[in-house]
Amino acid sequence: MKLIIAEKPSLARNICQALGSFSKKGNYYINSEYIVTWVFGHLFSLADIEYYNPNPDGRWTMKNIPCFPEKFHFELRKDRDGNVDAGVKNQFELIKELCHRDDVDTIVNAGDSDREGEIIVRTCIEKTGVRGKRITRLWLPDQTEETVKNAALDMKEDAEYDNLAHEGYARTYIDWLFGVNLTRYATLKTGNFLRVGRVIVPIVKAIYDRDMAIENFVPDIYYTLCSKTEVDSCPIELTSKQKFDKNELSKAKELAEKYNSEKAVVTGKKRKKETVSPGKLYSLSKLQNVLGKKYKMPMDKSLSVVQELYEKGYVTYPRTNSEYLATAEQDKVKGILSEVSKLGYNVKFKNSKTIFDDSKIESHSALIPTHKIPSKTALSQDEFTVYSTIMRRFAAVFCAQDCIADKTEITIDVGQLEQFVLKGTVILEKGWTKYDDYTKKDKLLPPLENGDTFEVDFQPVEKETSPPKHYTIETLNNYLKNPFRDEKKNIDDENDEEEYKAVFEGLELGTEATRTGIIENAIKSGYISLKKDVYSLLPAGKTMIESLSLMGISMDKYRTSELGRALKKVFRGEISVDESVKLASDEISKVFSKKSPDSIEYKNDIGFMGDVAGKCPVCSSDVVRTKFGYGCSSYREGCKFSFGYEICGGIVSFEQASKLLREGRTDKIDTFYSKRTSKNFSASLKLDGEKVVFDF
């Protein structure tokens with residue numbers, strides 16, 4: 001008897017539907033060959049710090065952090081009050097009982113086909129304490145009956161997925177270390193609850209940097225040269241590459257006169273028919289980009305909908321980072337194309353390297369429809385939107401008719417001063433554009449031939465530099481997939497070798513499986529907002545990033561990607577889980593280690609919430625560190641003495657605050673900033689009665 005443990009009840013039902021007639025007995029199904037039960041996603045989670053370093057009063061404290069467990073402990077998932085949910089406990093007891101049944105000789109891990117699904121069920125099996133039974137893996141690229149049946153006949157030993165599990169555990173441990181240690185440290189330090197995580201921080205930091213660049217942007221005026229004339233009533237516009245600063249208008253006019261003394265000569269004309277290629281098949285993030293841009297669909301919504309389509313068997317596994325199919329899937333694709341053609345799509349099989357490429361697949365192929373085609377009435381409006389987007393791209397990629405364009409390129413010389421190139425495209429045969437969006441519009445060129453001449457009329461045109469644009473679903477996704485690429489490059493038009501190399505090396509921030517949830521957490525935490533498809537920084541996000549900077553906690557793309565590389569090395573078997581965890585522990589230790597008195601972090605250290613800095617000059621009560629600075633502890637009795645730890649952009653460290661209260665004056669602080677003069681200045685602070693004032 002084989003016991004199959006599915007990740008969700010819906011998957012368990014799909015497995016039963018494919019493998020024969022089952023009887024339902026409580027929370028499991030059974031027939032003569034299989035028992036099928038399920039977990040509810042994560043039945044187990046990592047224990048909190050108090051399991052390793054107990055704290056009797058239950059409050060967060062610096063006494064039990066940092067915490068670096070020698071062995072990580074999983075326990076049954078608890079609710080917000082710290083109690084194990086009765087349903088979770090009962091389901092695990094059932095799984096434990098089924099695993100230990102004498103007639104069960106094989107236990108099947110049927111978690112989702114990724115690192116998270118692997119460790120969800122693997123952890124559950126390990127916690128049952130069962131020994132001596134065979135453990136296999138049911139790996140499902142989709143949930144159609146045919147796929148489930150074939151996968152059940154070709155199950156591998158679960159041990160063959162050890163490296164995937166190792167990466168999953170390493171990622172879980174590292175995220176725990178960063179999350180619990182630095183969240184507590186930053187919260188205790190600032191007095192504000194700050195959700196600090198290995199990936200959430202660089203995501204918010206990217207939006208912070210972009211929004212600060214927009215906020216601080218000062219537009220600048222420049223000039224360029226532009227000529228607008230006509231030939232046979234057809235307008236011709238030429239724009240020079242030359243640019244002039246706002247103080248160089250006279251130079252621009254002078255060059256315009258030189259240009260206008262020459263005639264424009266057509267020195268070359270090329271015209272040819274070209275085949276325009278469709279876009280690549282969808283990875284999850286590329287699908288989310290399109291849905292966000294076209295339909296303003298948030299990432300959490302699009303992921304939820306595509307997951308539903310997967311669980312209903314209509315599309316393949318959604319959490320994929322690849323836009324390619326495996327060569328071993330060619331026969332499967334032929335079968336899908338046969339079904340798709342019945343819908344009226346003009347498609348045919350194509351064995352092309354731009355479609356089938358094993359070197360660009362890590363665990364899962366591109367997201368495509370299965371041979372199970374739903375009726376429109378079987379789908380909700382959102383499901384239809386997502387499904388039809390996936391279907392139209394699939395049909396476009398395998399369209400039997402090419403998209404043919406007439407492309408023209410005219411080269412124009414203005415004397416020996418500058419060469420201009422005009423490009424035009426006209427679609428002759430629509431081909432795949434009947435199914436999928438083609439954003440470029442026809443562009444007609446004037447009727448110029450080689451050797452033609454015409455007059456030019458260049459004039460200086462005033463332009464204004466533009467601020468950076470806010471991140472959108474598309475641009476943030478592209479950034480997170482490879483934060484080191486030049487975002488001005490068009491990913492779809494360039495060779496994507498570099499992109500896949502970056503993903504497989506672990507340079508991305510988050511993964512296809514986790515990125516959506518982390519961004520949603522940032523939104524729920526009030527750090528960022530999403531309106532239509534544009535992300536913006538919120539005050540809490542600004543506070544979080546600036547507070548971390550003040551504490552010397554740098555969790556930028558470089559450090560996050562370094563750990564991402566380590567996780568991929570775990571997946572490839574190049575380093576162990578413990579080695580990757582040590583890298584994270586060492587990074588976290590730096591935050592807690594004693595800083596050099598000469599370091600910026602030490603000089604700017606603002607102490608911890610509640611630390612006593614000295615005696616109040618007004619009433620002699622303790623002055624303590626507050627959320628916003630330093631204040632008298634007798635404020636309830638009416639004492640109003642206080643001052644901020646940030647004054648005119650300068651940081652008043654805990655050491656300097658103590659010196660001010662003790663000696664009446666701080667050392668000179670060099671980081672004050674004057675908005676009136678837009679310059680930094682140096683000054684000491686001194687006590688002047690009940691006030692703190694500058695002393696120059």
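User: What makes Arg137 count as a charge over the face of Tyr161?

Analyst: In this predicted model, Arg137 lies 5.8 Å from the ring centre of Tyr161, over its face; the cut-off for a charge over a ring is a distance within 6 Å, together with a position within 35 degrees of the ring normal. Another such case is Lys334, which lies over the face of Phe349 at 4.9 Å from the ring centre.

User: Why is the pair of Tyr51 and Tyr52 called edge-to-face?

Analyst: A pair of aromatic rings is described by the distance of the centres and the angle of the planes. The ring centres of Tyr51 and Tyr52 are 5.1 Å apart, and a pair requires centres within 6.5 Å. Their planes stand at 85°, and an angle over 60 degrees counts as edge-to-face, so the pair takes that name.

User: What makes Phe74 and Tyr169 an edge-to-face pair, and which parts of the chain does the pair link?

Analyst: The centres of Phe74 and Tyr169 are 6.0 Å apart, within the 6.5 Å limit, and the angle of 65° between their planes is over 60 degrees, so this pair is edge-to-face. The pair links distant parts of the chain, with Phe74 in strand 6 (residues 74-76) and Tyr169 in helix 6 (residues 162-190), 95 residues apart. Phe74, at 12% relative accessibility, is buried, and Tyr169 is buried with a relative accessible area of 9%. Both belong to one aromatic cluster, whose members also include Tyr51, Tyr52 and Trp176.

User: What caps the N-terminal end of helix 17, and what covers its buried residues?

Analyst: Asp556 is the cap, with a side-chain oxygen 3.1 Å from the backbone nitrogen of Tyr558. The buried residues of helix 17, among them Leu563, Leu567 and Val570, are covered by elements including helix 4 (115-128), helix 6 and helix 18 (577-592). Just after helix 17, Gly573 takes a positive phi of about 75°.

How values were computed
Residues are numbered from 1 along each chain as its sequence is written. This is a predicted model: local features need pLDDT of at least 70, side-chain atom pairs count only at pLDDT 80 or more; totals for chains, interfaces and linings use all residues. Side-chain values use heavy atoms; hydrogens and water are left out. Rings of Phe, Tyr and Trp (its six-membered ring) pair if their centres lie within 6.5 Å; planes under 30 degrees apart count as stacked, over 60 as edge-to-face and the rest as tilted. Helices (H or I, at least four residues) and strands (E, at least two) are DSSP runs, numbered from the N terminus. Buried means under 20% relative accessible area, exposed over 50%, partly exposed in between (1.4 Å probe, protein chains only). Contact means heavy atoms within 4.5 Å. A polar contact is a pair of N or O atoms within 3.5 Å; within protein, one must be able to donate a hydrogen and the other to accept it, and residues adjacent in sequence count only if both atoms are side-chain atoms.
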